[in-house]
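This report goes through the contact between two chains, and then through some local features of each chain. The structure comes first.

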Amino acid sequence: MTSWRKRATVLLFLLHAVLLSACWDRVEIDQRGFVAGVAIDKEPQREETSQKQGKAPEIVGTYQMLVPSGLRSGGKEGGSPGAAFFNMSVTERSIMALSARMAAKTSRTPYFEHLQVILLSNEAVKDGRLDFADILDFFLRNNEMRRDINVLIADGDAKRLLSVKSMNESYPAAYIDSAINNYKKTCYMRPESRIGYVHEQILKNVSFTIQKISAYEDGISLTGAALFDSHHRFVAFLSGSETGGLNFLKGDVKGGVVETSMDDDIIDFDIERATRNIKARREGDNFKFTVEIEAEGTIGKSIRKLDVAKLSSIRKMEDLFAKEIVQLSEKTIRTLQKKYKKDAIGLGMHLYQNKLMSWEELSENWEDGRQLFADATIEVKAEVNIRRLGNINQSERR
Amino acid sequence: MNHWEYDDNKIEAKELTITVSSMIIGVGILTLPRVLAGTTSSSDGWISILMAGAFAVTIAVLLGKFAGLYAGGTFFEYVRSLVTKPVAIVITGIMCVYFMLFLAYEIRAIANISKTYLFDRTPAEYIGLMFLLIVGYAASGTRIGLLRLNTMFFPIVLVVTFLLLFFSNSIVNWADLKPFFVTDVKRLMVGAKDSVFSMLGFEVILFYTAMMKRPKEAPLAAAVGVVIPVVLYVLIYLICIGTFTPWALQEIGYPAIELAKEVKIPGEFFERTESIFFTIWIMTIFNTASMALDIAVHLAHSIVRKGKRIHFVAAICPVAYLICMLPKNVIEFALLGEVISYMGFLTIGMTLCLYGVAAVKGMIK
């Protein structure tokens, strides 16, 4: 009895060793193909054939894969310039299929946990047949992905942007990703558009903007924004100054410079922080909005004729900067109301959050139908506070 | 080998509180924010949670009072003395099945979630089996050991969850909570019903009060034990709304885990917050599952009154495993969850009836 028991116990332990020691999910780190950036373009040539066959248009996906050994040795030192990464493109009808095809082409399986940026060509999202939400679906659904991947809309070819010279970073996706955070230094850039944010905007059925990326000399430029309507269709790109106005209107300004002229000379205001406050009043079926913008910061550049130590000259400058901000914002409002009729400022959302009764009554006719947004009266008021003068009063004595 | 014997196998009021809280906090809260975002508008789900909380606290106090009546004895014996033996067997049997289903549900849930977020290729069956084996091991030990394990895990769970909520402050957009009070009462009630589902489990008072030093403290301890998860649920819910907006929250499978994925702890040292969150959440689900098994075993044992605990563990585990693998997909699985929740209501209803019988028979002083 005892010996039988002992044997059974030993057998059980051996069985444990066989059955319990396993690891389905083990993938060595050098087997993974870390995807740092994805660019999606539309396949231009075969567009017509697929249209005839009634199939979804084909897309070109470009993955930027990292080479860990190239990163370790300091990237570009010694080896060839592209040693830290390589780009690979394939053509397919869906993004999932792209990944599968990609796996067949590389030695390493694509691994998305460290994906930083997704670049979508405006050609790909402009076409109604290739739905914007459908493109993002894969990135939202796959659980390797995080909701803080940055989405950017490329002006033109997106693929090309993944092979720009990456200044100061070891691969282009990292270059783009760190440039995204510079919205704290300029107001001509939108704040980062995380894929989670984009998902929220799509579900809210509101117009929204996404950061724009374009090639600039041999690097990139992120000024401007891509405007999407409430059916998440790409409408147009907003220019840099229109984006600046939008940032003021949405209260997204985290820093940057406002430039205006004073006595035929240029003066600069370095914004430290800006807030905005919206007031809405209903007049019949029309709405009157008052957007109050308050900005504070330092003088970035003064002019020699001016004695900034005087309170009167500070006041004068403040007024000029405020006027500039109002002009910038009003230009954006004109563009959005008259040209595109899209409420990217989020005034509809403001009504939903604060004037629910009127909003439920009118939401159908806000952008569509009677287009109440385009007829709304929007007044912008700005107040600028110059808190500090910088290190010096004057650079030159009169 | 010397076994250390505690001088008494009794628990204090605060240990009962922790037991109730650990039992309630399980897989429910991982999905509750999504469910509430679907049934209520804007951020009004917190009212539903509070309503459900008030309901649960009331029931918990009543159950605590009932459990105080048979301190020292077992549930089955007391019910037998109240109603006849066959009725007692049926009632105890239903409860035993309920806790077994509860166990099955937790196992499948942990298998599903682990497969989604941790083990991409490991079959869910194996994840569930491993978890069940460990739970079975825990439940075949002493009951008091299980409760002390709760006491050990629970503070860790609370601290990590609160840290997570604290650090999520930077990604929450508080304006998304507006507008307030826009949901009608009917939908609030539906939300409250959904919230009660993820508060079930406080019935454990019925079975652990017997182990208390001073059973009179049970109702209060149970009430506090329910309030802790309610507060936690409201916070997690509001922060989920603020992070994802009500629109996106409806579409996110496991909002609480997604929240952990979004949170960035400053300093770049902890890049994967969700792995810490996941670890501690498996701990609390382990607590819930092992207590459910323990009670199922205890009830079966009290009816049969023969054999050892381990025999019952060995009998119940395979059944629970088979049940948990029955649902083919997540939708069927959600259906199983609903069935179990209604069964939970049934057990509560039965117990309240028994309390009524005890009152009629004049057994309550």
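This is a predicted model: local features need pLDDT of at least 70, side-chain atom pairs count only at pLDDT 80 or more; totals for chains, interfaces and linings use all residues.

## Interface between chains A and B

Chain B and chain A bury about 2300 Å² between them, and 51% of that area is on carbon and sulfur atoms. B:Trp247, B:Lys261 and B:Arg272 supply 26% of the area that chain B buries against chain A, more than any other three residues. In residues, the contact takes 28 from chain B and 20 from chain A.

Eight residue pairs are in polar contact between chain B and chain A, counting pairs with both residues at pLDDT 80 or more. On the side of chain B that touches chain A, α6 (124–139), α10 (218–249) and α11 (255–262) each supply at least two residues. The largest share, five residues, comes from α10(B). By type, the residues of this side of chain B divide into 11 nonpolar, five polar and 12 charged.

## Salt bridges

Side chains of opposite charge can pair when their charged atoms come close. Over all chains, the structure holds 24 salt bridges, and the count between chain B and chain A is two. In a salt bridge between A:Arg194 and B:Glu262, the N to O distance is 2.5 Å.

Within chain A, A:Arg190 forms a salt bridge with A:Asp252, and their closest N and O atoms are 3.0 Å apart. A:Arg190 lies in the loop between α7 (172–180) and α8 (195–204) of chain A, and A:Asp252 in the loop between α9 (240–250) and β11 of chain A, so this pair ties together parts that are 62 residues apart in sequence.

## Helix α7 of chain B

Helix α7 of chain B covers residues 143–167, 25 residues in total. From its first C-alpha to its last it reaches 37 Å, close to the 36 Å expected at 1.5 Å a residue. The helix has a kink of about 25° at B:Phe153, shortly before the proline B:Pro155.

## Backbone features

Most residues other than glycine have a negative phi, and most peptide bonds are trans. The peptide bond that joins B:Lys178 and B:Pro179 is cis, with omega about -10°. B:Pro179 is found in the loop between α7 and α8 (185–197) of chain B.

In chain A, A:Asp263 has a positive phi, near 50°, and is a residue other than glycine. A:Asp263 is found in the loop between β11 (256–262) and β12 (265–283) of chain A.

How values were computed
Residues are numbered from 1 along each chain as its sequence is written. Chains are lettered from A and ligands numbered from 1 in the order in which they are written. Side-chain values use heavy atoms; hydrogens and water are left out. Helices (H or I, at least four residues) and strands (E, at least two) are DSSP runs, numbered from the N terminus. The expected span of a helix is 1.5 Å times one less than its number of residues. The bend at a residue is the angle between axes fitted to the seven residues ending there and the seven starting there. Contact means heavy atoms within 4.5 Å. Buried area is the accessible area (1.4 Å probe) that two parts lose on being put together, summed over both. A salt bridge is a side-chain nitrogen of Lys or Arg within 4 Å of a carboxyl oxygen of Asp or Glu. A polar contact is a pair of N or O atoms within 3.5 Å; within protein, one must be able to donate a hydrogen and the other to accept it, and residues adjacent in sequence count only if both atoms are side-chain atoms. Ala, Val, Leu, Ile, Met, Phe, Trp, Tyr, Cys and Pro count as nonpolar, Asp, Glu, Lys and Arg as charged, and the others, Gly among them, as polar.
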